[in-house]
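Colleague: Could you walk me through how to read the features of a model like this one? I would like the general idea each time, and then the case at hand.

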Amino acid sequence: MLTTLKKLLAPVIFPLLLLGLVGCAKEKKKDEMSVQELTSNAKASLDTKRVDDAIGYLEELIGRFPDDAHIAEYKMQLADLYFKEAKYAAAQEVYERLNQFYPADAQAECSKYRSILSTFYQTLKADCDQTAT
């Protein structure tokens, strides 16, 4: 009788245990990810239009791996995302750091131009009377 009970419950219990183990598996935290994982997650986030997630991955990547060979590229991507999200002060700061630390980079002129644009977009519109006096 015990063996027939085991045979009947085995197909039910085994999938439940398997689902329980899969459900307990946690996603890696950003501070536990490698450079490759952070870059692939940032790219996947951009592909699915989750810009805030991509910004988070790039910020983590830049903060934890400042000596990476492609750090200038990651900073440029981060600044571009800030710019597209209308976070002009943050974009300007990253663009200016890029210009300061990587003046010979291929994107140096572009980052300088976008730094100026970020400054321009931060200015408020003039609300003064434009009529002739």
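Modeller: Gladly! Let's begin with serine 115, which sits in helix 6. Helices (H or I, at least four residues) and strands (E, at least two) are DSSP runs, numbered from the N terminus. This is a predicted model, where local features need pLDDT of at least 70 and side-chain atom pairs count only at pLDDT 80 or more, while totals for chains, interfaces and linings use all residues. Residues are numbered from 1 along each chain as its sequence is written, and side-chain values use heavy atoms, with hydrogens and water left out.

Colleague: Is serine 115 buried or exposed?

Modeller: The words have cut-offs: buried is under 20% relative accessible area, exposed is over 50%, and partly exposed lies in between (1.4 Å probe, protein chains only). Serine 115 has a relative accessible area of 4%, so it is buried. Over the chain of 133 residues, buried residues make up 26%.

Colleague: Which residues does serine 115 touch?

Modeller: A contact means heavy atoms within 4.5 Å. Leaving out residues up to four places away in sequence, serine 115 touches Gln92, Tyr95, Glu96 and Asn99.

Colleague: How do I read the packing of helix 3 and helix 4?

Modeller: Two packed helices are described by the angle between their axes and the distance between the axes. The axes are lines fitted to C-alpha atoms, for helices over the stretch in contact, and angles run from 0 to 180 degrees between N-to-C directions. Here helix 3 (residues 51–64) and helix 4 (residues 71–84) pack at about 145 degrees, with axes 10 Å apart. Their crossing is left-handed; that term applies if the near helix is turned anticlockwise from the far one by less than a right angle, and right-handed applies if clockwise.

Colleague: Which residues in helix 3 and helix 4 meet?

Modeller: From helix 3 they include Leu58 and Leu61, and from helix 4 they include Tyr74 and Leu78. The contact residues divide into 11 nonpolar, one polar and two charged. In this scheme Ala, Val, Leu, Ile, Met, Phe, Trp, Tyr, Cys and Pro count as nonpolar, Asp, Glu, Lys and Arg as charged, and the others, Gly among them, as polar. Leucine 78 touches Ile55, Leu58, Glu59 and Ile62, not counting residues up to four places away in sequence.

Colleague: Which residues of the largest nonpolar core touch the most other members?

Modeller: A nonpolar core is a set of buried Ala, Val, Leu, Ile, Met, Phe, Trp, Tyr and Cys residues joined through side-chain atoms within 4.5 Å. The largest one has 24 residues, of which Leu58, Leu61, Tyr74, Leu78, Tyr82 and Tyr95 touch the most other members. Helix 2 (35–47), helix 3, helix 4 and helix 5 (88–101) each give two or more residues to this core. Helix 4 supplies the largest share, nine residues.

Colleague: How many salt bridges does the count come to?

Modeller: The rule asks for a side-chain nitrogen of Lys or Arg within 4 Å of a carboxyl oxygen of Asp or Glu, and the count comes to six. One of them joins arginine 114 and aspartate 80 at 2.6 Å, N to O. That pair links distant parts of the chain, with arginine 114 in helix 6 (residues 108–122) and aspartate 80 in helix 4, 34 residues apart. Aspartate 80 counts as buried at 19% relative accessibility, and arginine 114 as partly exposed at 26%. Another bridge, between lysine 43 and aspartate 47, is 3.6 Å from N to O. Both of its residues lie in helix 2, four residues apart, about one turn of the helix.

Colleague: And backbone angles: what is the phi of lysine 49?

Modeller: Most residues other than glycine have a negative phi, and most peptide bonds are trans. Lysine 49 has a positive phi, near 65 degrees, and lies in the loop between helix 2 and helix 3. Alanine 86 also has a positive phi, of about 65 degrees, in the loop between helix 4 and helix 5.
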